[in-house]
Amino acid sequence: MDELLEDEEQLAIVESVSALVKSASPVRVIDGFLQSPVDEALWSEAANQGWFTLDIPVDQGGLGLSLVDQTLVFREIGRGLVSGPFLGTVLGSHVASSVGDKALFDRIGEGAVKVALCESTDESLDFTLGGLIRTFDGAATDYMVCVGPSQTKLFDPSAVRIVSETRCFDPSAYHAEFEIAGDALYSVEDTTFDAYHYSQVLISAMLSGICEATRDKSVDYSKTRIQFDVPIGSFQAVKHRCADQAVRAEAVTSLTTLAALRLGSAVDDGVLLAVSARLLAASYAMSNALDNVQNHGAVGFTEENDAHLYLKRAQLYSQMLGTTRGLRDQSLREHVGDGRS
Amino acid sequence: MHADGVEVRTIKSLTGEESLAEVLYKDVRIPLGNVVGEMGDGWRVAMSTLSFERGTAFMKHQLNLVQDIERIIAMAESMLDAHDRPVIADDAFVDRLALARAEARALGAMTLRTVSRNAKRELPGPDGSMVRLYYSELNQRVARLALDIAGAGTLDRSNDGVSKIADGFYKSLSGTIAAGTKDIQRNIIGERLLGLPR
C-alpha cells in the first residue's frame, strides 16, 4: 500500500526546514514590494540543508532522498511565503546532474548559483532562436531553465534578450519577458528528466503549504477574535468555513504526496496524478486563501495582515507552468484530443 | 430484533426503495448478556460505531469513485449532443470532469492517509469526518455530473441504462444525511480536529 503519512525521518526534515524558514527575517513589504527578492542568509542556509540536491542520487553527489521528501521542503516554502527561485534552482541542479556537469552541479548545491524558472509564452515549446519566454524570478539570475512539456533547456543569460520587466501584485514576483537570442547550454529530453511534471508536483506542494497555512491562520484568529462576547469560531458560519479549509488542505496534501510517490515510481499514472494535483491545488489554495481573507473580516482586507500575501502567492503559483485550462485539457487529452480549440 | 415488543416499520425512500425503517420498542426485555459495552454507556458505544462508519466503512465506495469518473468520461466521449458532437467537446463538461477526476484521486489518497493513521490507534479519529464529508459531497457532484451529461434520457423510468444514472443520483443524496449530516461533520472537524469552541 502507498504510505502517505510522514515517517519519523520525514518529520525531522519538516522540522528542520520549518525551523529555518521561521528563523528567517519576516517578510518585509514596503509600498507593496519586497526589499530584496531573495533572503541571502536563508538561501545559503537552505543550501547547507541540501534543498537543491535533496533528491539527486548519492552517487551523483546528491542526498539521495525522494521526490516525496522534496515536497516536504516545498510545502514549507509555500507555508512560509518564502521568496526566491527555489524551484528553478532545483531544476537546474537536476539538469546539471543529467548532463554530467559536475562543476555547475556543485555550485548550485552550495548555493552559489541561482536559476530562474522560465516557460514559453508563444507556441514554440522547443525554446529555439526567436522564441519568447517569461519568468517570475526576475532578470538578474545566473542561469535560466526553460521548462516545456517534452524538453527542458538551460540558458546562460547572455543567450537571451530582455523584452520587458514588470512588477506583480505578489511582492516577491519579478516578471520578465525574454527573446531567445542564442543557443542553450544544455538540453534534456523528458525521457531523461521529466521537469514539467516534476515541477507540477512541487508547485502543488507549495500550494499545499498555502492551503495549510491559511487554514491555521483562520483557526487561530477564529479562536481569539471576540464578537458578541464569544470567539467567532463558535459561530457555525465561521467554523464551517474553517472545516472546509481543513478538508481542502487534507485533499491537496494527500494527492500531492501520492503524485510524488507515483511520479518517482514505475506506476504509470504518475503523470495524470501530477496534473491532477496541480489542478486541485491551484483551485483549493485560491479558495482557502479567499476564505482566510473573509474569516479575518476587515483586518483581512488590510495590507498589514498577511491574508492578501497568501492570496497573491496562490495566484502566482497557479499561473506558473500552465493555466487551469491547459492542465484540465492535459488531464483529458487522450479523451478530447489535442486539436480541440 | 425479533424480541417481543420490537416493531419494524419500513419507510419508502425518495428512490422508491424500502431501505429505511423506523424501529419501535414497547416493553422490550433484553437478556443482560446481550448488552454491548456497559449499561448506561450507549452513547459512547453508538459514537464509536459511528466513528467507523465515518472513517473506513465507505472505503470501498471511496476508491470506486475513481472508476466511476472514468466511466462517466467514457460516456461523455460516446454520447452525442444535438449537433452530433461528442458531449466531451463541451468545455463546461471538460472543466467539471477534470476537476472531479482530480478530486476522486484526492479522496483515494485521503483514504489511504486515514488508514495509515488508524493503524496507529484503537479507534478511528475525528479526521474520518474529513473523508466522510469530502466523499459524500464529491459523490453528489459526480452523480449530478453524470446526470447532466446523460441528459433528458435520465427522466425516463423505462430506460434501463440511463435511468440507473438518475437512481444513483437520488441515492447519493443520503450521503450528506446518514452517519451525521454534513453540518454535523463540519462541527466535528471544527471542534474536535481544529479545536474551535462549541
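In this predicted model, 43 residues of chain A are in contact with 38 residues of chain B. The two chains bury about 3700 Å² between them, and 65% of that area is on carbon and sulfur atoms. Leu5(A), Glu250(A) and His335(A) together supply 17% of the area that chain A buries against chain B, more than any other three residues.

**Interface of chain A and chain B**

- Seven salt bridges are found across the interface of chain A and chain B.
- Polar contacts across this interface join 18 residue pairs, with both residues at pLDDT 80 or more.
- Five helices of chain A each supply at least two residues of the side that touches chain B: α6 (195-224), α7 (236-263), α8 (270-295), α10 (324-331) and α11 (333-336).
- Among the elements of chain A, α7(A) gives the most to this side, with 14 residues.
- By residue class, the side of chain A that touches chain B divides into 19 nonpolar, ten polar and 14 charged residues.

**Charged groups that link the two chains**

- Side chains of opposite charge can pair when their charged atoms come close.
- One such pair is Asp244(A) with Arg186(B), whose side chains meet in a salt bridge at 2.8 Å, N to O.
- Arg186(B) also forms a salt bridge inside its own chain, with Glu137(B), where the closest N and O atoms are 3.0 Å apart.
- Because Arg186(B) lies in helix α6 of chain B and Glu137(B) in helix α4 (residues 128-150) of chain B, this pair ties together parts that are 49 residues apart in sequence.
- Arg186(B) is itself buried, with a relative accessible area of 10%.

**Salt bridges within single helices**

- Over all chains, the count comes to 35 salt bridges.
- In chain A, Arg79(A) forms a salt bridge with Glu76(A), with the closest N and O atoms 2.9 Å apart.
- Arg79(A) and Glu76(A) both belong to helix α3 of chain A and are three residues apart, about one turn of the helix.
- In chain B, Asp68(B) and Arg71(B) form a salt bridge whose closest N and O atoms are 2.6 Å apart.
- Both Asp68(B) and Arg71(B) lie in helix α2 (residues 59-78) of chain B, three residues apart, about one turn of the helix.
- Asp68(B) counts as partly exposed at 24% relative accessibility, while Arg71(B) counts as exposed at 55%.

- Thr253(A) is found in helix α7 of chain A, the helix that gives the most residues to the side of chain A touching chain B.
- The relative accessible area of Thr253(A) is 2%, so this residue counts as buried.
- The side chains of Thr253(A) and Glu212(A) are joined by a polar contact of 2.7 Å.
- Apart from its neighbours within four places in sequence, Thr253(A) is in contact with Arg75(A), Ser208(A), Glu212(A) and Arg113(B).

- Most residues other than glycine have a negative phi.
- Leu81(A) is not a glycine, yet has a positive phi of about 50°.
- The position of Leu81(A) is in the loop between α3 (67-79) and α4 (86-99) of chain A.
- Leu81(A) is buried, with a relative accessible area of 6%.
- In chain B, Ala179(B) has a positive phi near 60°, although this residue is other than glycine.
- Ala179(B) is located in the loop between α5 (160-172) and α6 (182-193) of chain B.
- With a relative accessibility of 11%, Ala179(B) counts as buried.

How values were computed
Residues numbered from 1 in each chain as written. Chains lettered and ligands numbered in written order. Predicted model: local features only at pLDDT ≥ 70, side-chain atom pairs only at ≥ 80, totals over all residues. Heavy atoms only, no water. Contact = heavy atoms within 4.5 Å. Buried area = accessible area lost by both parts, 1.4 Å probe. Salt bridge = Lys/Arg side-chain N within 4 Å of Asp/Glu carboxyl O. Polar contact = N/O pair within 3.5 Å; in protein donor to acceptor, adjacent residues only side chain to side chain. Helix = DSSP H or I, 4+ residues; strand = E, 2+ residues; numbered from the N terminus. Nonpolar A, V, L, I, M, F, W, Y, C, P; charged D, E, K, R; others polar. Buried < 20%, exposed > 50% of the residue type's maximum accessible area, 1.4 Å probe, protein only.
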